[in-house]
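Hi everyone, thanks for coming.

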Amino acid sequence: MVRRLLSLTRPLYWLYEKRLLKEVKGGPVPRHLGLILDGNRRYARALGLSPVKGHEFGVQKAYEVLEWCLEMGIKTVTVWVFSTDNFKRPPEEVQELMRLFVREAERMAEDHRILEHQVQVRFIGRREGFSEEVLRALERLEAKTQHHQGMVLNIAMGYGGREEIVDAVKRLLLEADQRGLSLKEVAEGLTPEEIARHLYTAGLPDPDFIIRTSGEIRLSGFLLWQSAYSEFYFADVLWPEFRKIDFLRALRSYQARERRFGR
């Protein structure tokens, strides 16, 4: 009975997806899309599987969503895959995640979608706490794609929004020290633009739109500085269940909004 219902509803979903795609393709898309990939562990628990299996499902979904972003012509995408707080998870889970990061970094370096679409992959966040094996895999992927001229894909690992701002201020102060400036001179010349120039995302546009899955209605520190004027969308579905229909609905919501940037 369930299979029969699925076979009956699948064409309806396909038709609805096609209609949504046609509708959304006619409107503006974000220059920079932020994605908080939430719900992998809950998805696994619901299926009676280990948390790591949930993360593996989440990785496959991330590849799908990357394809959707390429199809829509989104130029910059930032995905948050591992926060500074995630190091506090059970050691076995963290260890399995590290193995997953190495495997996927090596896979992405050869992935035809990354190569054909000239996706430049960048890792943003603090690198302390990651093993040499993980860091080497990340650096190889960055080096292989650094001259790509297509989409910029930021993968936030070891990332925290407060930590990013602290690191930006530290870099600003060290740079000023090398130039021989006094603290008074630094304070007098400090502007939001100066701090932005030292963020992990320096040189890229701020995110126009941020999507978070799993029904959680908070940023949890994601791109704190950059999201001052971002639009937000909170989807109820868990990340591995995020469908193209959900993605297109989110973009349709974005297109229906009037962005005033505080004016």
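Which side chain meets Glu-110 in a salt bridge? That would be Lys-144, with N and O 2.9 Å apart. Before I go on, this is a predicted model, where local features need pLDDT of at least 70, side-chain atom pairs count only at pLDDT 80 or more, and totals for chains, interfaces and linings use all residues. Residues are numbered from 1 along each chain as its sequence is written, and side-chain values use heavy atoms, leaving out hydrogens and water.

By salt bridge I mean a side-chain nitrogen of Lys or Arg within 4 Å of a carboxyl oxygen of Asp or Glu. That rule gives 29 salt bridges.

Back to our pair: Lys-144 sits in helix H6 (residues 132-145) and Glu-110 in helix H4, 34 residues apart. Helices here are DSSP runs of H or I, at least four residues, numbered from the N terminus. Lys-144 is partly exposed at 39% relative accessibility, while Glu-110 is exposed at 54%. For those words, buried is under 20% relative accessible area, exposed is over 50%, and partly exposed is in between, using a 1.4 Å probe and protein chains only.

Next, Arg-252 and Glu-23 form a salt bridge, with their closest N and O atoms 4.0 Å apart. This one links distant parts of the chain: Arg-252 is in helix H10 (residues 244-255), Glu-23 in helix H1 (residues 2-25), and 229 residues separate them. Arg-252 is partly exposed at 29%, and Glu-23 is partly exposed at 40%.

Finally, there is a network of salt bridges linking Asp-38, Arg-42, Arg-212, Glu-216 and Arg-218.

Notes:
Helix = DSSP H or I, 4+ residues; strand = E, 2+ residues; numbered from the N terminus.
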